[in-house]
Amino acid sequence: MDNAYGFTAYGGPDVERFLDLPLPSPGPGELLIEVHAAGVNPVDFKVREGMHRSFLPLDLPAVFGREAAGVVVALGPEVEGFAVGDSVFGSSARGCGGYAHHAVLTAGFTIVKPEGLSYTDAAALPVAAGTAYDSVRGLDPAAGETLLILGIGGGVGVAAAQLAASEGVSVVGTASRAKRDFVVSLGATAVAYDGDDTADRLAAALPNGADAVLDLVGGDALDTVSGVMSPDCRVLTVAGPDTAARFGARPLSRGNRAAALGELARRVQDGRLDPRVREVFPFAEAPAALRAVESGHPWGKVVLEMRTRTR
């Protein structure tokens, strides 16, 4: 049996449980790892609430977690490039399963962990940093251009800001006033989004407008910043299709996931990217880790640690 943390029905935190489940088996194109660390993301509680059930059907009870790092203990059929004993990190197979002592990863979305990259940092990369990497590539801001990130303080925004700034892009981001110093530490200009004068503050920070906008807030956020978009502004947004169409927003195109993970790992190692793992919780405190993210005000990443040693 394997110890895991998951949910027994769709709903709120009251449906969460520690579970004793059969040890999972890797299928074709999958590998089984002993988990050392697992990333905690907003998508985890959204899956629990049933927001993704139309395209992510689950057999309940289900285990939380979309990203994990650990050591390979078994390989499924048709898996090449990995061996039992390899230290790896990647995306959970079948949409969930990382909050456990053993998890199944998708081989195509997993790579061998470089020496020197901690398990906790590695576990923080596949979901938020992976999305940030593809988002920045999709918007393709050039050195000297300006990228506006709405909701820069979350996991995706934190990584996107660093990835863009390291390429000579001028980054401006909206966040709460409390996160100002944190945003500045990412190499970005911070603009507080609270109050009725957000548009005026953005105009002051972007006198020549934004060449690209990454909207991680959704809702009517793009309407608020429309006045600072340059005529040829490229937009990626989490807003609904109607809003996206009004602003000519392009869909996020996911590239080669393994290649993206490799590039992210290299950037962490050479100092161009800090995963900003703000809090590490032991597995026994998985409920508190998820509440820290579900509160809606995270600074950087939250990670669960299954083992004492993380390197």
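Strand S7 makes the greatest contribution to the lining of the second largest pocket, supplying three residues; strands here are DSSP runs (E, at least two residues) numbered from the N terminus. The model is predicted, with local features requiring pLDDT of at least 70, side-chain atom pairs pLDDT 80 or more, and totals for chains, interfaces and linings using all residues. Residues are numbered from 1 along each chain as its sequence is written, and side-chain values use heavy atoms, without hydrogens or water.

The second largest pocket has a volume of about 430 Å³, taken as the space filled by probe spheres set on grid points joined across faces, edges and corners. A pocket is an open set of points on a 1 Å grid over the protein atoms alone where a 1.4 Å probe fits, with protein on both sides within 12 Å along at least five of seven lines; lining residues have an atom within 4 Å of a point. Its lining comprises 19 residues, with Leu 21, Pro 24, Val 63, Arg 94 and Gly 97 nearest the centre. At least two lining residues come from each of S1 (2–7), S4 (62–63) and S7 (102–112).

S1 and S4 also belong to an open, antiparallel three-stranded sheet in the order S2-S1-S4, where pairing requires at least two DSSP bridges between two strands. The edge strands, S2 (16–21) and S4, each pair on one side only. S1 and S2 are joined by six bridges, and Asp 2 has Leu 21 in S2 as its bridge partner.

How values were computed. Helix = DSSP H or I, 4+ residues; strand = E, 2+ residues; numbered from the N terminus.
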